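Colleague: I have not looked at this one before. Can you walk me through it?

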Amino acid sequence: MKTLNILKYAFTLIGAGMLVGAVMSYSSTVSFIERATEATGTVIDLERSRSSDSTTYYPVVVFEDIRGREIEFRSRSGSNPPSFSRGERVSVFYEPSAPESARINSFFSLWGLPMILGGMGLVFGAIGGGMLLFGWKKNRSQAYLKDHGTEVLATFSSVEQNTSLTVNGRNPFRIVCQWQHPQTGELHVFLSDNLWFDPTNHIHQETMPVLVDEANLKRYWMDTSFLPRLAG
């Protein structure tokens, strides 16, 4: 299904982009601290910012720079409940050439952005990368079975929906077949790859070719090339 292909690449790219952004933000903060001068400021206000479902409070701070000028700035990071209170004394980092770009000397004010970007990048990257890895391993396994697998004819049993996977509110279908090992007498159940249409009306044979790894019968691939290809 094209949606899955788009999602796995999109999640991987978004995750990689966020991780790059996290590294750049971290490096920028380190450079800023190395250039910065420290001063003591006072929280004079808590500026409230409302969104559709939440309220965030941003501290407004006043401090005096090395030239004796009174500088006022609003912190880039806010929270709810507020992390600071009016009248509270805080440590401030600022560049003498651009004191208006000062930051409160606190962990979240300095490192919040790279931490958030890094965390989200890891999540998106893990999801996208996991999907890519799964697809790669699946393709590799299929290629191995096509070259080295043993073909058995499994008896068609049913068509089921794979409710463990949902994309755009839909569950794919799988063909279920059974095969009894002639030597051990054990019954093996084989499932086809996910199909994004109901194949029931296109199944006219009683048996399905399945390639198996004789050393590990849990490794198999059902050949469904007889089914029509889904358009689009």
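Colleague: Let's start with Ser25. Which residues is Ser25 in contact with, leaving aside its neighbours within four places in sequence?

Modeller: Ser25 is in contact with Leu113 and Pro114, once those sequence neighbours are set aside. Bear in mind that this is a predicted model.

Colleague: Where does Ser25 lie, and is Ser25 buried or exposed?

Modeller: Ser25 lies in helix α1. Its relative accessibility is 12%, and the cut-off for buried is under 20%, so Ser25 counts as buried.

Colleague: You mentioned Leu113. Which residues lie nearest the centre of the second largest pocket?

Modeller: Leu113 is one of them, together with Arg76, Phe108, Ser109 and Gly112. The lining has 15 residues in total.

Colleague: How much space lies in that second largest pocket, and which element gives the largest share of its lining?

Modeller: The space comes to about 260 Å³. Helix α2 gives the largest share of the lining, with seven residues. Both α1, residues 2-35, and α2 supply at least two residues each.

Colleague: What is the lining of the second largest pocket like by class?

Modeller: There are six nonpolar, seven polar and two charged residues in that lining.

Colleague: Changing topic. How many salt bridges does a search of the whole structure find?

Modeller: The search finds seven. One of the pairs is Asp45 with Arg86, whose side chains meet at 3.1 Å, N to O. Asp45 lies in strand β1, residues 37-50, and Arg86 in the loop between β3 (70-74) and β4 (89-95), so this pair ties together parts 41 residues apart in sequence.

Colleague: How exposed are Asp45 and Arg86?

Modeller: Asp45 is partly exposed, at 31% relative accessible area. Arg86 is exposed, at 53%.

Colleague: Which residue does Lys138 form a salt bridge with?

Modeller: The partner of Lys138 is Asp193, and the closest N and O atoms are 3.7 Å apart. This pair links distant parts of the chain, with Lys138 in helix α2 (residues 107-148) and Asp193 in the loop between β8 (187-191) and β9 (207-213), 55 residues apart. Lys138 is partly exposed at 32%, and Asp193 is partly exposed at 28%.

Colleague: And what about Asp65 and Arg69?

Modeller: Their side chains also meet in a salt bridge, at 2.9 Å, N to O. Asp65 is buried, with a relative accessible area of 6%, whereas Arg69 counts as partly exposed at 35%.

Colleague: Back to strand β1. Is Val43 buried or exposed?

Modeller: Val43, which is found in strand β1, counts as buried, with 1% relative accessibility.

Colleague: What does Val43 touch, not counting residues up to four places away in sequence?

Modeller: Val43 touches Pro59, Val60, Val61, Phe84, Ser85, Arg86, Gly87, Glu88 and Val90. Arg86 in that list is the residue that meets Asp45 in a salt bridge.

Colleague: How far is the C-alpha atom of Val43 from that of Arg170?

Modeller: Those two atoms are separated by 53 Å, and the residues are 127 apart along the chain.

Colleague: Last one. Which domains does the domain assignment give?

Modeller: The assignment gives domain 1, residues 1-115, and domain 2, residues 149-222. Their C-alpha centres lie 54 Å apart.

Key: Residues numbered from 1 in each chain as written. Predicted model: local features only at pLDDT ≥ 70, side-chain atom pairs only at ≥ 80, totals over all residues. Heavy atoms only, no water. Salt bridge = Lys/Arg side-chain N within 4 Å of Asp/Glu carboxyl O. Helix = DSSP H or I, 4+ residues; strand = E, 2+ residues; numbered from the N terminus. Buried < 20%, exposed > 50% of the residue type's maximum accessible area, 1.4 Å probe, protein only. Contact = heavy atoms within 4.5 Å. 1 Å grid on protein atoms, 1.4 Å probe; cavity = no way out; pocket = protein on both sides within 12 Å on 5 of 7 lines; lining within 4 Å. Points joined across faces, edges and corners; volume = space filled by probe spheres on them. Nonpolar A, V, L, I, M, F, W, Y, C, P; charged D, E, K, R; others polar. Domains from an automatic or database assignment.
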